[in-house]
Amino acid sequence: MRLLILLNARFPTEKAYGLQVLAMARGAAEAGMEVTVAYPRRSDEAPPPIEGVRFRSFGPRFVFSMRWLFPIIRWTGLIGLRSLTDEIRPDAVLINDPLQAAFFPKPWRVIWDVHEVPNPNRADRRRLIRRIIHRATALMSTNQIKLDRLAQIVEHLPPTLVLPNPVTFDPTVYRSISRDDARRRCCIDTEERAIVYAGQLYDWKGVESRVGSAAF
């Protein structure tokens with residue numbers, strides 16, 4: 001089976017989604033699939049090699065740094081998809097970007113990897129969601145909540161799969177330092193109990209609930 005994992009963001013990247021894509025590609029290759037990870041030309045950096053995984057950049061090279069340009073740049077992620085699929089001829093295409101999922105050329109089978117549900121309160125976003133659902137062969141989500149939200153917008157969904165995010169790590173890294181040394185490096189008292197959060201401070205993360213609970 002030929003699997004195309006399609007991105008519409010800078011890759012490779014130090015952000016978490018970059019590690020997630022590499023782990024997913026490695027797992028698919030180990031399962032016997034022919035895996036290609038395709039991404040727009042937005043960096044000269046090359047991904048680390050993975051046995052059984054091919055990396056392929058596509059479209060015009062467009063490097064940018066101003067955040068307000070990002071909504072415009074996302075549309076360039078549609079350029080070159082036809083020639084890309086004609087070259088790879090995948091059996092399935094795994095896409096997490098809503099724009100690419102909605103406008104991916106036919107007849108290739110699209111699986112929408114639902115990372116976020118576009119705001120259904122906006123008419124243009126509802127149209128985008130309906131177009132994706134009509135186009136997609138299947139939906140994959142990290143939790144049931146997002147699939148339930150989609151079911152409120154579109155009556156009939158294609159086949160769905162809930163696949164929670166896994167965690168992988170090298171245990172030797174954690175065995176190389178003692179508990180007390182790790183706490184000292186993080187400026188945490190070695191005796192007191194501590195709750196530590198590592199991640200973005202987006203509103204929907206709920207970090208303010210953790211801070212507010214400290215009073216209790």
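Helices (H or I, at least four residues) and strands (E, at least two) are DSSP runs, numbered from the N terminus. The model described here is predicted: local features need pLDDT of at least 70, side-chain atom pairs count only at pLDDT 80 or more, and totals for chains, interfaces and linings use all residues. Residues are numbered from 1 along each chain as its sequence is written, and side-chain values use heavy atoms, with hydrogens and water left out.

Strands of a sheet pair through backbone hydrogen bonds, either parallel or antiparallel. Here, seven strands form an open sheet in the order S3-S2-S1-S4-S5-S6-S7, with parallel pairing. Two strands count as paired if DSSP finds at least two bridges between them. Strand S3 (53-58) and strand S7 (160-162) stand at the edges. Each has a single partner strand, so one side of each is left without a neighbour in the sheet. Neighbouring strands of this sheet are turned by 20° against each other on average, direction ignored. Axes are lines fitted to C-alpha atoms, for helices over the stretch in contact, and angles run from 0 to 180 degrees between N-to-C directions.

Four bridges join strand S5 (residues 110-114) to strand S6 (residues 138-141) in the parallel sense. Trp112 has Leu139 as its bridge partner in S6. Helix H1 (residues 16-30) packs on the sheet. H1 touches strand S1 (2-6), strand S2 (34-40), S3, strand S4 (92-95) and S5. The direction of H1 makes about 155° with that of S2. Contact means heavy atoms within 4.5 Å.

Ile95 lies in strand S4. This residue is buried, with a relative accessible area of 0%. Buried means under 20% relative accessible area, exposed over 50%, and partly exposed in between (1.4 Å probe, protein chains only). Neighbours within four places in sequence aside, Ile95 is in contact with Leu6, Gln100, Ala101, Phe104, Val110, Ile111, Trp112 and Asp113. Ile95 and Tyr202 are 107 residues apart in sequence. Their C-alpha atoms are 24 Å apart in space.

Most residues other than glycine have a negative phi, and most peptide bonds are trans. A cis peptide bond joins Phe11 and Pro12, with omega about 0°. Pro12 sits in the loop between S1 and H1. The bond from Lys106 to Pro107 is also cis, with omega near 10°. Pro107 belongs to the loop between helix H4 (98-103) and S5.

Arg89 is not a glycine, yet has a positive phi of about 50°. Arg89 occupies the loop between helix H3 (81-88) and S4. Its relative accessible area is 45%, which means that Arg89 is partly exposed. Cys187, not a glycine either, has a positive phi of about 60°. Cys187 is in the loop between helix H8 (179-185) and helix H9 (207-213). With a relative accessible area of 73%, Cys187 is exposed.

The structure holds one cavity of 30 Å³ or more. A cavity is a set of points, on a 1 Å grid over the protein atoms alone, where a 1.4 Å probe fits but cannot get out; lining residues have an atom within 4 Å of a point. Grid points are joined across faces, edges and corners, and a volume is the space filled by probe spheres set on the points. The largest cavity contains about 30 Å³ of space. Its lining consists of Pro40, Arg41, Arg42, Phe58, Gly59, Pro60, Phe62 and Thr76. By class, four lining residues are nonpolar, two polar and two charged. Ala, Val, Leu, Ile, Met, Phe, Trp, Tyr, Cys and Pro count as nonpolar, Asp, Glu, Lys and Arg as charged, and the others, Gly among them, as polar.

How values were computed:
1 Å grid on protein atoms, 1.4 Å probe; cavity = no way out; pocket = protein on both sides within 12 Å on 5 of 7 lines; lining within 4 Å.
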